[in-house]
Each structure stands twice: as C-alpha cells, then as structure tokens.
Amino acid sequence: MTFKDFMKKGPNKVSIRVISQFNLFSKPDKEVDEIIIHIHGGGWAATSADLYDCNTRVWVKDTNVPVFSFDYRLAPENPYPSGLDDCW
C-alpha cells in the first residue's frame, strides 16, 4: 500500500492524502478508471482526515480503488463554504 501527501496549489493550503494498493505516481501497472474521494465529517468545523486514516486504508484494501482524502480548512476561522470550496 502506498501513501503520499500533497498540498493543493493555490492561495489556501489544503492537504490531500492519496492511498493506493499500487504506485500511482510512477508509471502505474494498470489504468485507473475509478477513485474514492473522501471528505471527512465534522460539519466543516471539526476533526481531520487523519481521524479517518484507518477507514480509508480498509476501503483501499477491500476495493483495490485509490482513495483521495481531503483535509479542508475548518470553521470558525474559515467560515462556510471555505471548507467545501477547498475540495473542488
């Protein structure tokens, strides 16, 4: 299983964790035709993608589908819809 953390480009620093059964970042052995996009719960104000790390690893293992997990900015410092906008 491979893990890679990225920072989304742009004015807002948003972390995206990519978890996969194979390496997506060198020449992949297979074509990727589906992904799971995970946006953690918390009402745009609480928790983080790290809290769901065990769940996303299980999803990858069970489905063999890569997971892209977003760690968006939280309220109240960043009012709604800032967190939602980070996931686009």
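**View 1. A nonpolar patch on the surface of this predicted model includes Ile-37.** Val-32, Ile-35, Ile-37 and Ile-39 make up the patch, and their accessible area together comes to about 320 Å² (Shrake-Rupley method, 1.4 Å probe, with only the protein chains shown counting as cover for residues). Patch members have over 30% relative accessible area and no salt bridge, and nonpolar side chains (Val, Leu, Ile, Met, Phe, Trp, Tyr) are joined within 5 Å; a salt bridge is a side-chain nitrogen of Lys or Arg within 4 Å of a carboxyl oxygen of Asp or Glu. Ile-37 sits in strand β3, residues 36-39 (helices, H or I, of at least four residues and strands, E, of at least two are DSSP runs numbered from the N terminus). Ile-37 counts as exposed because its relative accessibility is 53% (buried is under 20%, exposed over 50%, partly exposed in between; 1.4 Å probe, protein chains only).

Residues are numbered from 1 along each chain as its sequence is written. This is a predicted model, in which local features need pLDDT of at least 70, side-chain atom pairs count only at pLDDT 80 or more, and totals for chains, interfaces and linings use all residues, while side-chain values use heavy atoms, leaving out hydrogens and water.

**View 2. Here is Val-67, a buried residue of strand β4.** The strand covers residues 67-71, and Val-67 counts as buried because its relative accessibility is 0%. Beyond four places in sequence, its contacts (heavy atoms within 4.5 Å) are Arg-17, Val-18, Ile-19, Ile-36, His-38, Thr-56, Trp-59 and Val-60. Arg-17 is 50 residues away along the chain, yet the C-alpha atoms of Val-67 and Arg-17 are 7.9 Å apart.

View 3. Thr-56 counts as buried because its relative accessibility is 1%. A polar atom of the Thr-56 side chain lies 3.0 Å from the backbone oxygen of Asp-53.

View 4. Pro-76 lies in the loop between β4 and α2 (82-86), and Pro-81 is found in the loop between β4 and α2.

**View 5. Asn-64 has a positive phi.** The angle is near 60°, and the residue lies in the loop between α1 and β4. Most residues other than glycine have a negative phi, and most peptide bonds are trans. Asn-64 counts as partly exposed because its relative accessibility is 34%.

Methods
Polar contact = N/O pair within 3.5 Å; in protein donor to acceptor, adjacent residues only side chain to side chain. Patch = residues over 30% accessible without salt bridge, like charges linked within 9 Å, V, L, I, M, F, W, Y side chains within 5 Å.
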